[in-house]
Amino acid sequence: MSDPLGYDPDRVQMLHRHTVEAVGHLATVRSADPDAAAALRAVRLVRHELERVWLPAITALMACTALTMGFSGAGEALAAAPRPPSTDRIDRSSYALHDAVGLLDPDAPEAWAAHVALLREIAALPYVSLARLWDDLGDDARARLLFVHGTALRAIESGQLDDGLRDDANAAIGRFLAARARHHPTEVAQLLVASAVANPWLLDALVAQARHTPSDVLVPTTAGVIGLIAADRHAPEALVDRADALLGAIAAATPRASLDLLRDDDVRRSVLTDGRFDTETVAAVVARGIGEAADIPLRLEQAAHVLADVIERAGDLTAGARLGAASSMVTWWPVIDVLLSFRHDDGGRTLLTAVVFDDRLDRETSVPLGTFAAFDRYLAELVRDDAAQAALGASVGAYTSQQVRLGADRLIDVAGRADVEWNRETMATALADPHDVVATVREAGARAHDLEAFERARAVGAITDAVGWATMAAGFVPGGHVVGRVASIGTRVLREGAARLPAGRPVSGHETGMSSAMALAVLLVPLRDRRARRRLGLDDVPDELWHDLQRRTGELADLDPLSPEHATARNALVRTASRDQALADLLRRGGP
Amino acid sequence: MSTDAHHLRDRARALRALATEIERTPAMSLDRHAGPDTWRTPRADLCRAVLRTGQHQLHRAADELRWVAHRLELEAASVEAVR
């Protein structure tokens, strides 16, 4: 345990006196000899440090009573000292940095700690001041500063410095880099890639500040580091770890960042097929890049091109790429569903295309995703392992759920007809596409192995409304250094959700939601048409119940059909109706 | 002895005196009054480290001055030898 904080007032008084004396003496050291210039500069530096660092610290300490030696209170004088104006802090930090960097002594570990302490002060500066500091330091001092950071981190990793200093050091340099990157992203990215092998800690610093770093730095830096790894079969494990951290930072940034990374042909090939990268991190990048990014209208076409390449590489995909691709399909089912009924045409040689509308340019683009035979092979690869199979199942379940709700909403919007069959037909149409999707997966998967994980996750996906689970998982993790776990949270939710289902439960349990939607479709007819009640044998149903059901239907119409509240309200409405025997009989006859 | 050689030796003497003065400045012994028995805070650690590096730099500056002085004396001897 370290010594308690504290000071001896008498000794501090004496220290103050000696310091003033030292400053006074240094001020008298002079020489006109030009060869003494360097020595006098050193003298001025020391004098300046004593005036600007020592004396204010001692003065603040003398004014503070909380840390008198032997006093048991916690805290430190620094915290109690009044903060100088911000401009002064900038000057002091800049000056202190010049000095500290220039005087770095690799043989003095305690000096490294002092440098980290200085870095901590710098980290407290606002971004604008940090950007100015970059310019103030100049090339040489800046290079030395980054060297200080690398030296300190090397000392931490070798156990010569307290591991607790790592975050301080990385936060300071990370903020320093992020501040510069705001206006000079290319310069910073090139610097980081160029020093990735010699000073990989700079990448740690960037990741530590990833949330405040523009994606036009994160993406090229990550691409550059992945390029280094791709070019070297024996790339150091430490560098691969940094690439994983950067990929995690990309996944935690906007979906657009993941898509931008994957649009680079060489980077995409590495991310999709190089088994050295972390499985779940790759899954997160792929899921966000070709799944969530495609939800951005202007990005759908770009994402479709990436998806086409993923489909073509199906046989070479790593487990992470398969998992991410499977998760992303929740975005693509609505895009390709209507085409799936043609999957048997021409022996599978027909092209599956994604049709992309660009409202801004009022144009329509068809992006070929591959033949149906290639798509089948792709699906067969996705269901090779349980994780990807479960993710695929969840995507189908979520898509089915969405279609059910949209179908029910359509019935409510058009006020329905006095025809139970019409309502059922409308709902059946809404569900036809998901049925095609399920059939396509089952046909592709039947050649691989059974689809238990798919079917169970499909049930979970529908029951838990798991649309956009990757988004949820990403939002769940706010920070930089644990972002590599983004995907694992999402997949864990799915796996555990699937595991919680009782073994004996029919795997078609996701039809619970579909069932209530179909029941509502049936109920809407007598609810809106009194004459239909007689025709359907519902004369004895109390008026109060009809009023209650109508009120609930009105409330349902006000809810977002894609919200969980909609599902809850719909289920409650059907439960209420089922308490009446005649209505329960109707639902049994008219239900699915 | 030439004026040039005399001037060079004067400069060497002055630089040696300056080196001595620098090494005897109270700042070089300030650390004796600033140990953990005086104050123990993170800022104190920082101040001590800054002082230590400053002292190293002053020592190096003094050594450099003596080296320059040595070169000046060699130069003076060279000038005298030529004559």
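Guide: We can start with the chain as a whole and then go through some helices and residues.

Visitor: Fine. What am I looking at, and how many helices and strands does chain A have?

Guide: This is a predicted model. Chain A has 27 helices and three strands.

Visitor: How much of chain A is buried?

Guide: Of the 592 residues in chain A, 54% are buried.

Visitor: And what about contacts along the chain?

Guide: Take the contacts in chain A with a separation of 6 or more: 73% of them are between residues 24 or more positions apart.

Visitor: Let's pick a helix. What is there to say about α16 of chain A?

Guide: Helix α16 of chain A covers residues 319-336, which is 18 residues. From its first C-alpha to its last it reaches 24 Å, close to the expected 26 Å.

Visitor: Where is the kink in α16(A)?

Guide: The kink is at V330(A), shortly before the proline P334(A), and comes to about 50 degrees.

Visitor: Is α16(A) mostly covered or mostly open?

Guide: Mostly covered, since 15 of the 18 residues in α16(A) are buried.

Visitor: Is A319(A) buried, partly exposed or exposed?

Guide: A319(A), which is found in helix α16 of chain A, has a relative accessible area of 35%.

Visitor: How far is A319(A) from A283(A)?

Guide: Their C-alpha atoms are separated by 8.1 Å, while A319(A) and A283(A) lie 36 residues apart along the chain.

Visitor: New topic. How do α12 and α13 of chain A pack?

Guide: Helix α12 (residues 255-263) and helix α13 (residues 265-273) of chain A pack at an angle of about 105 degrees, and their axes are 5 Å apart. That angle makes α12(A) roughly perpendicular to α13(A).

Visitor: Which residues meet there?

Guide: From α12(A) there are L261(A), L262(A) and R263(A), and from α13(A) there are D265(A), V267(A), R268(A) and V271(A). The residues of this contact of α12(A) with α13(A) are four nonpolar, no polar and three charged.

Visitor: And α12(A) with α14(A), what is the angle?

Guide: About 100 degrees, with the axes of α12(A) and helix α14 (residues 279-292) of chain A 7 Å apart. Angles of 65 to 115 degrees count as roughly perpendicular, so α12(A) and α14(A) are roughly perpendicular to each other.

Visitor: Who makes that contact?

Guide: On the α12(A) side, P255(A), S258(A), L259(A), L261(A) and L262(A); on the α14(A) side, V285(A), V286(A), R288(A), G289(A), I290(A) and E292(A). By class, the contact of α12(A) with α14(A) has seven nonpolar, two polar and two charged residues.

Visitor: How are α7(A) and α8(A) arranged?

Guide: Helix α7 (residues 165-181) and helix α8 (residues 185-194) of chain A pack at about 140 degrees, with axes 7 Å apart. α7(A) and α8(A) are therefore oblique to each other. L177(A), R180(A) and A181(A) of α7(A) meet P185(A), E187(A), V188(A), L191(A) and L192(A) of α8(A). That contact of α7(A) with α8(A) has six nonpolar, no polar and two charged residues.

Visitor: Last one: where is Q209(A)?

Guide: Q209(A) is in the loop between α9 (201-208) and α10 (215-230) of chain A.

Visitor: Is Q209(A) buried or exposed?

Guide: Buried, with a relative accessible area of 9%. Apart from its neighbours within four places in sequence, Q209(A) is in contact with Y127(A), A171(A), G174(A) and R175(A).

Technical notes:
Residues numbered from 1 in each chain as written. Chains lettered and ligands numbered in written order. Predicted model: local features only at pLDDT ≥ 70, side-chain atom pairs only at ≥ 80, totals over all residues. Heavy atoms only, no water. Helix = DSSP H or I, 4+ residues; strand = E, 2+ residues; numbered from the N terminus. Expected span 1.5 Å × (residues − 1). Bend = angle between axes of the 7 residues up to and from the residue. Buried < 20%, exposed > 50% of the residue type's maximum accessible area, 1.4 Å probe, protein only. Contact = heavy atoms within 4.5 Å. Axes fitted to C-alpha atoms, helices over the stretch in contact; angles between N-to-C directions. Parallel < 35°, antiparallel > 145°, perpendicular 65-115°, else oblique. Nonpolar A, V, L, I, M, F, W, Y, C, P; charged D, E, K, R; others polar.
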